[in-house]
Amino acid sequence: VVYDRSMQPSLVQTMVRLIELKDLSTAAHTWRVVLYTRAMAEESGLSHTLIERLTHAAALHDIGKLDIPENVLQKPARLDPHEYDIIKQHAALGHTRLLELDDSDRIDLDLVRHHHERPDGLGYPDGLRGEQIPIAARHFGVIDTFDALTSVRPYRQQIGERAAEEALELLAREAGTRYDAQSVEMFTRLYRTGRLEWILHHFNDAVPIMPFDAIRQQSPWSPK
């Protein structure tokens, strides 16, 4: 399979570290979404090569936050409308940064730019609708929301099973409008098998972040 050039794992790790240093409220977020992404990719029966590419893209999804002011990223309360407009710029800014770093892998570019698009066309930055949204970004939009709703934030402390059930209920209510319905169904089914609990319970915000390669190696879905 031939695809465009992707970022080297060592540079991915550097970018992830820079994001974490700038946005402390998402300490273990990257770790968890990478593992959720790998789980969904495995559930879909994808090849090892595609799983690795999706892993890189998931790790880089918030790279655009490097260009967002720290006072917005680290605000210890919900964002006001103006601040939210600023934070929404991170998807397009991340896409631009990838191109500047000579990353032309289509999965990286699509997931970073489009993971906040919505099936009803009300997402950002391009207002794509339904299947116009790349499939990797549709899946990742569900993962990103689930993790945000089940991890510590400055304005919310609830985590664990109760938070997970509430997150799944929200995803189900908004499936087909805010979130891709098939992606919600797949993620929910996978969660119900118990295969995601180790991520939810053990890779929480109290656990120190390990190097990106170690995250990949410790995943049950990594080749041994």
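Predicted model: local features only at pLDDT ≥ 70, side-chain atom pairs only at ≥ 80, totals over all residues.

Q: OK, how many helices and strands does the protein have?
A: Twelve helices and zero strands. Along the sequence the pattern is simply α-α-α-α-α-α-α-α-α-α-α-α.

Q: And what share of the residues count as buried?
A: Of the 224 residues, 51% do. As for contacts between residues at least 6 apart in sequence, 68% of them join residues at least 24 apart.

Q: Let's talk core. Which residues touch the most other members of the largest nonpolar core?
A: That core has 44 residues, and the ones touching the most other members are Y36, L60, I63, F146, F187 and L196. Two or more residues each come from helix 1 (9-22), helix 2, helix 3, helix 7, helix 8, helix 9 (161-173), helix 10 (181-192) and helix 11 (197-202). Helix 2 supplies the largest share, eight residues.

Q: Pick F146 then. What does F146 touch?
A: Leaving out residues up to four places away in sequence, F146 touches Y36, A164, A167, L168, L171, F187, Y191 and L200. There's also another core lying apart from the largest one, with five residues, including I68, V72, L73 and I86.

Q: Switching to pockets. What's the volume of the second largest pocket?
A: About 270 Å³. Its lining has 17 residues, and L46, L54, I135, A136 and H139 lie nearest the centre.

Q: Which elements give two or more residues to that lining?
A: Helix 2 (29-43), helix 3 (48-59), helix 7 (106-114) and helix 8 (135-149). Helix 8 gives the most, with five residues.

Q: How do the lining residues divide into nonpolar, polar and charged?
A: Twelve are nonpolar, three polar and two charged.

Q: Now helix 6. Which of its residues are buried?
A: In helix 6, residues 90-100, the buried ones are H90, A91, G94, H95 and L98. Looking down the helix axis, they fall within an arc of 140°, so they line one face of helix 6.

Q: What do the buried residues of helix 6 pack against?
A: They pack against helix 5 (81-87) and helix 7.

Q: And just after helix 6, which residue takes a positive phi?
A: That's D102, with a phi of about 65°. D102 isn't a glycine, yet its phi is positive. For context, most residues other than glycine have a negative phi.

Q: Last one, Q182. Which helix does Q182 lie in?
A: Q182 lies in helix 10.

Q: Why does Q182 count as exposed?
A: Because its relative accessibility is 61%, and exposed means over 50%.

Q: How far apart are the C-alpha atoms of Q182 and R138?
A: They're separated by 9.0 Å, while the two residues are 44 residues apart along the chain.

Note on methods:
Residues numbered from 1 in each chain as written. Heavy atoms only, no water. 1 Å grid on protein atoms, 1.4 Å probe; cavity = no way out; pocket = protein on both sides within 12 Å on 5 of 7 lines; lining within 4 Å. Points joined across faces, edges and corners; volume = space filled by probe spheres on them. Helix = DSSP H or I, 4+ residues; strand = E, 2+ residues; numbered from the N terminus. Nonpolar A, V, L, I, M, F, W, Y, C, P; charged D, E, K, R; others polar. Core = buried A, V, L, I, M, F, W, Y, C linked by side-chain atoms within 4.5 Å. Buried < 20%, exposed > 50% of the residue type's maximum accessible area, 1.4 Å probe, protein only. Contact = heavy atoms within 4.5 Å. Arc of directions from axis to C-beta.
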